[in-house]
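Have the viewer open as you read.

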Amino acid sequence: MGSKDWLGEFEQIVLLAVLRLGPDAYGFRVQQEIKERAGRDCSIGALYTTLDRLEQKGFVSSWMGEPTPERGGRAKKYFKVEASGEAALRQSYAATTSMVAGMESLLGGAL
Amino acid sequence: MSELKDEHQVEWLESYEHLYVLQHHQDQDPYERLCEPAGVGANEQQWHNQVQLNFRFNEDLAEKVAEVNHQIQLSLTSTAEEMETFKLGLRALNLPGQWIRTSVKTAEVADTPPRTAKFLLLLIPKKNREGILGDLEEEYRTILLPEYGLRLARFYYWWHSLLTGASFLLAGLQSLSRSFKRN
C-alpha cells in the first residue's frame with residue numbers, strides 16, 4: 001500500500017459508516033449514521049466528495065438504486081466497501097492501536 | 001351558524017363535499033348521518049339537500065367546518081409570509097426582477113424544497129447530482145420540515161445546498177491545483 005492510500009480521519013469514519021450500514025448505505029443514511037455514532041455533522045457535499053475520492057482509490061464502489069417518493073422521485077446512490085477498502089481500514093486500525101499501546105490510561109480507554 | 005339563503009348554502013356545501021366524505025371514513029359519529037353512502041350513490045341532489053338540512057341543526061359540524069376553514073386561512077397566511085421573506089432575501093441578493101418573479105412562482109408549493117436552491121445544485125457533477133438532490137430532499141421532508149417548520153426548513157435547505165456547492169467547488173479547485181503542480 002502506497003503513501004497515497006493512507007486513510008484520513010474523515011475517510012475512516014465514512015468507510016466505517018458504509019461498512020456498518022451494509023446494503024442500506026446511501027448518502028443520507030451514511031450522513032445520519034456519522035451524526036448519531038460519531039456526533040459529527042457533515043454536509044452532504046463533503047460526504048460525497050470524500051466518497052468520490054475513496055471510489056477513485058478503489059476502496060468503495062457505487063450504484064444507483066430505485067427512486068422513492070420521499071426523495072421527490074429521485075434515485076438513491078448506494079455505496080459498498082471493497083476488499084481494498086477493508087484492508088486500508090485494517091491497516092489504519094493497526095497503526096492507531098500500535099501508537100496508542102501503553103497510553104490507555106491517558107486516553108481513558110477510548111479505543 | 002347563521003341562516004343563509006338556500007341557494008348560497010348549497011353551493012357552499014358542495015365545495016366542502018370532499019370534507020364530508022372524508023369525515024365519513026374517519027369518524028362515524030356524530031357526522032355519519034350526513035354522509036350516507038346510499039344517499040351519495042342513489043341521488044346526489046337528494047343527498048346534498050339532506051346534508052344542507054342536517055347542517056343547519058348541527059352546531060358541532062358548523063364549528064368543525066369553521067375550524068378547518070380557520071386552519072386553511074392560517075396555513076395560507078403562513079405561506080404568504082414565507083414567500084414575502086423569500087422575496088426580500090432575493091432582493092437583498094440584487095437579482096433581476098424577472099428572475100425574482102420566476103423564483104417566487106416556483107416556491108409556491110410548501111411541502112417541496114425551494115426549487116431555486118435546486119438550480120444551485122445543478123453546478124455539482126452529473127454523476128452525483130441525482131443522489132445528492134434526493135438525499136437533500138429526503139432530509140428536508142423527513143427531518144427539517146417536521147422538526148423546524150416550513151420557514152427554518154427552507155432556510156436549512158438553502159444552507160445545505162450552499163455547503164454542498166461549496167464542497168464540490170473546493171474539491172474542484174484542489175484537483176486543479178494538483179494538476180498545475182504536476183505540470
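Leaving aside its neighbours within four places in sequence, Val14(A) is in contact with Val30(A), Leu47(A), Thr50(A), Leu51(A) and Leu54(A); contact here takes C-beta atoms, placed from the backbone, within 7 Å. Keep in mind that this is a predicted model, where local features need pLDDT of at least 70, side-chain atom pairs count only at pLDDT 80 or more, and totals for chains, interfaces and linings use all residues. Residues are numbered from 1 along each chain as its sequence is written, while chains are lettered from A and ligands numbered from 1 in the order in which they are written.

Next, the helix pair. The axes of helix 1 of chain A and helix 3 (residues 44-56) of chain A come within 10 Å and cross at roughly 90°. Axes are lines fitted to C-alpha atoms, for helices over the stretch in contact, with angles from 0 to 180 degrees between N-to-C directions. The two helices are therefore roughly perpendicular to each other, a label that covers 65 to 115 degrees. Here is who does the touching:

| Element | Residues in the contact |
|---|---|
| Helix 1 of chain A | Phe10(A), Glu11(A), Val14(A), Leu15(A) |
| Helix 3 of chain A | Leu47(A), Thr50(A), Leu51(A), Leu54(A) |

By class, that contact has six nonpolar, one polar and one charged residues. Ala, Val, Leu, Ile, Met, Phe, Trp, Tyr, Cys and Pro count as nonpolar, Asp, Glu, Lys and Arg as charged, and the others, Gly among them, as polar.

Val14(A) turns up again in the largest nonpolar core: of its 35 residues, Val14(A), Val18(A) and Val30(A) touch the most other members. Such a core is a set of buried Ala, Val, Leu, Ile, Met, Phe, Trp, Tyr and Cys residues joined through C-beta atoms within 7 Å, and buried takes 20 or more other C-beta atoms within 10 Å of the residue's own. The largest share of this core, nine residues, comes from helix 8 of chain B.

As for chain B, its secondary structure comes to eight helices and zero strands; helices are DSSP runs of H or I with at least four residues, strands runs of E with at least two, numbered from the N terminus. Buried residues make up 20% of the 183 residues in chain B.

Where the chains meet, 22 residues of chain B are in contact with 16 residues of chain A. The chain B side has seven nonpolar, nine polar and six charged residues.

Terms used:
Contact = placed C-beta atoms within 7 Å. Buried ≥ 20, exposed ≤ 12 C-beta atoms within 10 Å, placed from the backbone. Parallel < 35°, antiparallel > 145°, perpendicular 65-115°, else oblique.
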